[in-house]
Each structure stands twice: as C-alpha cells, then as structure tokens.
Amino acid sequence: MKTEIFDVTKLNGDVLESGEIHAGRGARRDMDEALRSIRIAAKTIRAGGLVAFPTETVYGLGCDAFNEAAVKKVYAAKGRPSDNPMIVHIARASDVGALTPRITPEFVRLADSFWPGPLTMILKKKECVPDATTGGLDTVAVRLPDHPAALELIRASGCPLAAPSANLSGSPSPTKAEHVIRDLSGKADVILAGSDSRVGIESAVLDLTSDIPTILRPGVLSADVLSEVLGREVVCDDALLRDGVSSGAAPKSPGMKYRHYAPKAEMLIVEGSEDRVRAEINRLKSLNERLGAAVGVMLFDERAYAEAARDFYARLRELDDLGVDLILAGALSDRTGIGFAIMNRMFKSAGYRVVKV
Ligand code: TXA
Ligand code: MG
C-alpha cells in the first residue's frame, strides 16, 4: 500500500477556533495547505481507510469507529490482539450521545473540566457501536483530544474515530511524526505529520461504569485531580498498585495484560534514593561495558515530571536506534502523579525487571 504523508505542523489552534485566519500571506498559505490535506485524510476515513494523526498525548491510528471492517484493518496494521478495545475520539463533548445511552452528571463535570485533554472515560455503550471497536465489551472508551489537526480531522470525517496509538503493537508509543512514518509506512493510507506530542504519554483511562470511579491507566491527570472535580473518591485499579505483579485477578482493561511499550534492548529499572540509583546505574554500566555490552542510561529529573513524560517514549526509541544491548533506567519516586504514570509505562517496558538499592 502507498502511504501518503502530509505536513500539518502549520495548523494553528487559535486560528481554527475563531474560524478566521489572522496571518500573513505565507502563513495563511501553509494553513490552507494543511486544511486541504486534512480534508483528503477525512475522505480516506469515510472510504474506510486508516489515517495516522497527531494528538497532544501520542499519535493515533484512526478509522471510522462505526465501520467494523475498517476497525479490523487497524488491528491488522498494528498487529494488535483483537480483544484489546480502542478509544473512540470525538470533536465535541455533545457527540458522546452517539456512543452512550446515558450521559451522567459525573461525565459532564469531567468533560467540562478536562476536555479537550488527556482523559479517556469508559461509559456504557450503545448497541450501534461495533463489538470490533470495543473488543466485545459492553462499554466504550471516549476521548476528546486537545490538538487542532485531530479535531479538524474528526470534524471533517463526520464520524467518531476509533484510534489506538499509532505504533506497531508492543513497541513504544509514537510521539514524533518520524516514529509513525517508520512504524506505519505501507500500513496506513495517510499519515498526518505534525509536531512532537506535547504530553508524551497516553491519556488517563477512567472507568465511570464501576461503583467508584476507577483509573485503569494512569495519565498526567491524577486520581487526586479527578477526585477534586467529582467531589468523591477516585481509585486506581488494583493491578496498577501492585507494580504489575500479577495476583491472578482478571484485568478490567484488556490493554493491561499485554507487554507494552517495549524497546528492543533488555531493560532494567533501578529503584531507590536518587543518589543510590545513580551510583548503582554507574556500577552496572561499567560492569556490563567491561563484559562487552553497549549500555544506554535513562535518568529523568525528579523535579521535571512533565518533561520526563514528554521525552520518555522518544528516549526509548533513541536508545534502540543507538543499538544498545541494555537500558538502565532510574525509577521515579512519585506514587500518585505524572511520575507514577511514567513508572506505569517504565515497568511494562522493562517487563517488570527491577532492582532495589
Ligand atoms: O492518549 C491516548 O489515549 C492515545 C491517543 C491516540 O488518543 N490512544 C491510546 O489508545 O493510547 P490505545 O489503544 O493504545 O490504548 C487504549 C487503552 C487500552 O489499554 C485499552 O485496553 C483501554 O484503553 N480501553 C479501551 N476501551 C476500553 C473499555 N471499554 N474498557 C476498558 N478499557 C478500555
Ligand atoms: Mg497503545
């Protein structure tokens, strides 16, 4: 398959929302060009094709959420197990009515506070949402992304977009257009190449169908922040709190049971106080290098979690490109916020291989 790649970096959110283009002639031409590309991409979606697009979290690989055949093509393109449901992306909060039979006050409160943004909500699904999209579940995951190209694509397509992250299943999520081009050339019909993802890790997934709202996948919006808006407790699914060590309980979010985000290199996490972690990483690095291994180190600043989230996946891919045999990663100490969400990915990337110092 031939993949068409369009540059949409010049699309500017403020200009779009006002409906006018306040820009010089050059900028205006770039904007028009990006909008034209998005219209071509939308036509592809309507014809049952696959379009990769930027969002604020990571790039997505989208198709018409109501088109079962197209959804199956997304699973095939990614090599993704078909019981792992997809997130359905909408452009207006009111569009959720097409997906769920009951809009609850809690949903409205969260949508008002955090949409557009990195929050996915699990709701009861309407009959018309295909089983292929929801992995056969009776619920549907919905998100309104905070990115002008994504929103314009959804609007122009005239349907909600089912979209998992635009990486091959099992490899790190894509936060740069070049990651998507590498993973999905020949597999997606169109790739909309935008700027680097601003957030860098996937949205928080919050189950609103359980008695207590439950985070199934942590993101940059923490349980505390969500709980404050809801005025009641929000919990993290048990599986997240056990550092992924299985208790045999069935995971609520099918995505939780697969090894994810994995680099090609072996990866080991070193956990402990900042000083000790650095010392142990240095020790292990020299030791392994003496044995002839190429070693990459991943250490983030405990005072800059947002930057760490933004850079995490790109750093994994970078180290793989360098051809290292072993990645030594320093654990972050945060147990609730952005650092916790990064650690959720880091544990999976390393296949839960951790040494404590
Ligand atoms: O930030 C994001 O969420 C990105 C961008 C593209 O929007 N998308 C993304 O999609 O990360 P994906 O498919 O890689 O992850 C979706 C996660 C999976 O862990 C899946 O199991 C869970 O959401 N999920 C989807 N539908 C669900 C449902 N009905 N019940 C429980 N979990 C669900
Ligand atoms: Mg994914």
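Okay, let's start with strand β5, residues 119-124: it's mostly covered, with 5 of its 6 residues buried. Buried here means under 20% relative accessible area, with a 1.4 Å probe and protein chains only. Strands are DSSP runs of E, at least two residues, and helices are runs of H or I, at least four residues, numbered from the N terminus.

Quick caveat: this is a predicted model, where local features need pLDDT of at least 70, side-chain atom pairs count only at pLDDT 80 or more, and totals for chains, interfaces and linings use all residues. Residues are numbered from 1 along each chain as its sequence is written, chains are lettered from A and ligands numbered from 1 in the order in which they are written, and side-chain values use heavy atoms, leaving out hydrogens and water.

So who are the partners of β5? Strands pair if DSSP finds at least two bridges between them. With β9, residues 204-207, β5 runs parallel over 4 bridges, and there Thr120 sits opposite Val205. With β6, residues 139-143, the pairing is antiparallel over 5 bridges, and Ile122 has Ala141 as its bridge partner.

Zooming out, the chain has 12 helices and 15 strands. Of its 357 residues, 54% are buried. The C-alpha trace spans about 55 × 50 × 40 Å along its principal axes.

And contacts, meaning heavy atoms within 4.5 Å? Among those with a separation of 6 or more, 70% come from residues 24 or more positions apart.

Terms used:
Buried means under 20% relative accessible area, exposed over 50%, partly exposed in between (1.4 Å probe, protein chains only). Contact means heavy atoms within 4.5 Å.
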